[in-house]
Amino acid sequence: MYSWGYQQLNRTLFRLPIRDTQTGIKVVRRDVLAAVLPRMVEKRFAFDLELFVVARQQGFRNSWRCP
């Protein structure tokens, strides 16, 4: 129930079309990381979520195409 609530909160607050932001493995293109990492603040617990949010703010919508 907590997981479902967390997912709903993320969808509501950040409008991310991602089911599980806390999955153990992520594959991210180098150009996306180069654009996103310097703008990130969180380095620990919410790193995954912030990665997705900042990438979306930078114009990256899908992992398979550029902004």
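Accessible areas here come from the Shrake-Rupley method with a 1.4 Å probe, and for residues only the protein chains shown count as cover. The model is predicted: local features need pLDDT of at least 70, side-chain atom pairs count only at pLDDT 80 or more, and totals for chains, interfaces and linings use all residues. Residues are numbered from 1 along each chain as its sequence is written, and side-chain values use heavy atoms, with hydrogens and water left out.

**Exercise 1. Surface and charge**

Task: State the accessible surface of the protein and the share of carbon and sulfur atoms in it, then find how far apart the mean positions of the positive and negative charges are.

Solution. 
- Step 1. The accessible surface is about 5,400 Å², and 59% of this surface belongs to carbon and sulfur atoms.
- Step 2. Lys and Arg count as positive, Asp and Glu as negative, while His and the chain ends are not counted. A charge is placed at NZ of Lys, CZ of Arg, CG of Asp or CD of Glu.
- Step 3. The protein has 12 positive and 5 negative charges, and their mean positions lie 7 Å apart.

**Exercise 2. Fold and overall dimensions**

Task: Give the order of the elements from the N terminus on, and decide how the radius of gyration compares with the globule rule.

Solution. 
- Step 1. Helices (H or I, at least four residues) and strands (E, at least two) are DSSP runs, numbered from the N terminus. The protein has three helices and zero strands, in the order α-α-α.
- Step 2. The radius of gyration, 12 Å, is close to the 11 Å that the globule rule gives for 67 residues, so the protein is as compact as a globular protein of that length. The radius is taken over C-alpha atoms, and the rule is 2.2 Å times the number of residues to the power 0.38.
- Step 3. Along the principal axes, the C-alpha atoms fill a box of roughly 35 × 25 × 20 Å.
- Step 4. Contact means heavy atoms within 4.5 Å. Of the contacts between residues at least 6 apart in sequence, 51% join residues at least 24 apart.

**Exercise 3. The buried residues of helix H3**

Task: Which residues of H3 are buried, and against which helices do they pack?

Solution. 
- Step 1. Of the 67 residues of the protein, 21% count as buried. In H3 the buried residues are Asp48, Leu49, Glu50, Leu51, Val53, Val54 and Ala55, and they pack against H1 and H2.
- Step 2. Asp48 lies in H3 (residues 47-57) and has a relative accessible area of 16%. Not counting residues up to four places away in sequence, Asp48 touches Thr21, Gln22, Thr23 and Lys26.
- Step 3. Glu50 has a relative accessible area of 17%.
- Step 4. Arg39, in the loop between H2 and H3, is partly exposed at 47%. Apart from residues up to four places away in sequence, Arg39 touches Glu50, Val54 and Gln58.
- Step 5. Gly59, which follows H3, has a positive phi, near 100 degrees.

Definitions and conventions:
Buried < 20%, exposed > 50% of the residue type's maximum accessible area, 1.4 Å probe, protein only.
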